[in-house]
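Here is a short tour of a two-chain model, written for someone who likes to know the cut-offs behind each term. Please have the viewer open as you read.

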Amino acid sequence: MQTYNILSITTFFSKKAAPIVDQHEIDLVKRCQNRDMQAMEEIVRQYKNQVYNIAYGMLGSPEDAQDITQDVFVSIWEKIGQFRFRSKFSTWLYRIAKNVSLNEKSRRTSRKTDVVEIDDSQAWVPVDYQTPEDEILASEQQQILHKALGQLKESYRTILVLREMDELSYEDLSAVLGCSIGRVKSRLYEARMQLRGILKREN
Amino acid sequence: MNRKKMQRQLSAYLDHELNEAEKLAVERHLSGCQESAKTFENLQQNSQLMSGLRQPTPSGIWEGVQSRIEEENKGSWKSRFTLPVRGWFLHPIPVVSMVALITVFAFSFFILDVDQNSLEDPLDFYLIAHSEQTMGFWLMGEDSSSQESSVDTNFTVSDESQAYLDTYFGY
């Protein structure tokens with residue numbers, strides 16, 4: 001007769017699947033927890049593009065995105081002692097980036113300033129356009145897109161930015177947003193359809 | 001699967017997040033439904049547009065973070081040597097309760113101390129008076145016994161003090 005180890009069964013049901021993490025990342029985080037500035041520098045260099053794009057997608061201004069990126073990393077330095085390796089470090093970092101960006105956005109909204117509105121000083125000049133006409137067209141499209149993103153529901157804008165600008169997988173999205181993969185799937189579909197509708201109206 | 005249900009799969013198809021069977025079903029549907037094909041094309045275009053929003057991170061992010069961390073570290077050293085008075089005002093309820101507790105504690109000590117003195121006083125007085133009287137007998141001889149003692153020993157000793165005397169001194 002087969003016997004079952006009750007402890008292993010309860011552990012199986014109580015614990016979530018262990019996150020896949022690489023040893024280098026664990027070492028880096030542990031060094032950072034021991035207040036190693038070089039490790040922190042490595043973390044910043046590794047994740048600054050992703051954090052910057054989240055902030056830029058949410059706020060629509062390069063200057064604000066730069067400030068928010070710095071805020072996120074300072075916040076990570078302060079809170080890294082609380083990280084318990086229960087999830088991937090990147091998931092934790094994206095969650096902080098999302099929260100800091102959303103807080104900043106709601107702070108600005110409460111001051112009644114529309115941060116998504118793009119002015120001339122925010123014009124972004126992409127690097128690889130063939131002609132000046134292409135450049136202008138792309139810049140105009142981006143302005144329209146930013147405006148459209150600003151009209152989306154907060155949860156839709158968040159999921160679109162995380163997916164399209166940072167290319168997070170559905171699994172990572174579900175971890176960052178704290179919902180099921182099924183919910184991620186349907187929310188992304190709804191967000192995309194709503195964006196499509198707004199862009200159609202704008203055009 | 002009807003068109004509406006199939007359209008809901010388009011987003012996941014775009015992201016390559018469908019399994020083989022679902023992927024085949026969507027592809028079959030797209031080849032036969034013009035409207036869904038147009039929707040998919042639109043979603044694809046918007047997705048590309050959004051990817052185009054990505055931009056190179058400006059330089060100096062780490063330098064900015066580093067200087068802010070260093071500034072905060074300096075601040076934390078300073079805070080170790082200063083009283084966190086601001087923090088006290090931020091938490092009035094625990095501070096007031098702590099002060100009240102200390103006051104009650106100190107006051108109760110004072111009361112206990114007074115009570116102890118009031119219990120000991122008659123006993124001390126009795127012992128001093130008794131020793132003075134005994135010394136008077138020895139110094140003045142038997143004649144002095146007729147003289148009036150300067151110490152009035154006709155006071156009452158409480159039951160508690162008497163029990164104490166009986167036990168330890170055999171009075």
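## Conventions

This is a predicted model, in which local features need pLDDT of at least 70, side-chain atom pairs count only at pLDDT 80 or more, and totals for chains, interfaces and linings use all residues. Residues are numbered from 1 along each chain as its sequence is written, while chains are lettered from A and ligands numbered from 1 in the order in which they are written.

## Chain B on its own

Chain B has seven helices and zero strands, where helices (H or I, at least four residues) and strands (E, at least two) are DSSP runs numbered from the N terminus. Its pattern along the sequence is α-α-α-α-α-α-α.

Of the 171 residues in chain B, 8% are buried; a buried residue has 20 or more other C-beta atoms within 10 Å of its own, with C-beta atoms placed from the backbone. Two residues are in contact if their C-beta atoms, placed from the backbone, lie within 7 Å. Among contacts in chain B with a separation of 6 or more, 46% join residues 24 or more positions apart.

## Where the chains meet

At the interface, 32 residues of chain A are in contact with 23 residues of chain B. On the chain B side, helices H1 (3-14), H3 (34-51) and H4 (61-80) each supply at least two residues, and H3(B) gives the largest share, seven residues.

By class, that side of chain B has ten nonpolar, nine polar and four charged residues. Here Ala, Val, Leu, Ile, Met, Phe, Trp, Tyr, Cys and Pro count as nonpolar, Asp, Glu, Lys and Arg as charged, and the others, Gly among them, as polar.

## A helix pair across the interface

Helix H7 (residues 154-165) of chain A meets H3(B) with axes that come within 9 Å and cross at roughly 80°. Axes are lines fitted to C-alpha atoms, for helices over the stretch in contact, and angles run from 0 to 180 degrees between N-to-C directions. H7(A) and H3(B) are therefore roughly perpendicular, a label for angles of 65 to 115 degrees; under 35 is roughly parallel, over 145 roughly antiparallel and the rest oblique.

Leu160(A), Glu164(A) and Met165(A) of H7(A) make this contact with Ser47(B), Met50(B) and Ser51(B) of H3(B). These residues divide into three nonpolar, two polar and one charged.

## A helix pair within chain A

In chain A, helix H4 (residues 62-79) and helix H5 (residues 89-110) pack at an angle of about 130°, with axes 9 Å apart. That makes H4(A) oblique to H5(A).

Note on methods. Buried ≥ 20, exposed ≤ 12 C-beta atoms within 10 Å, placed from the backbone.
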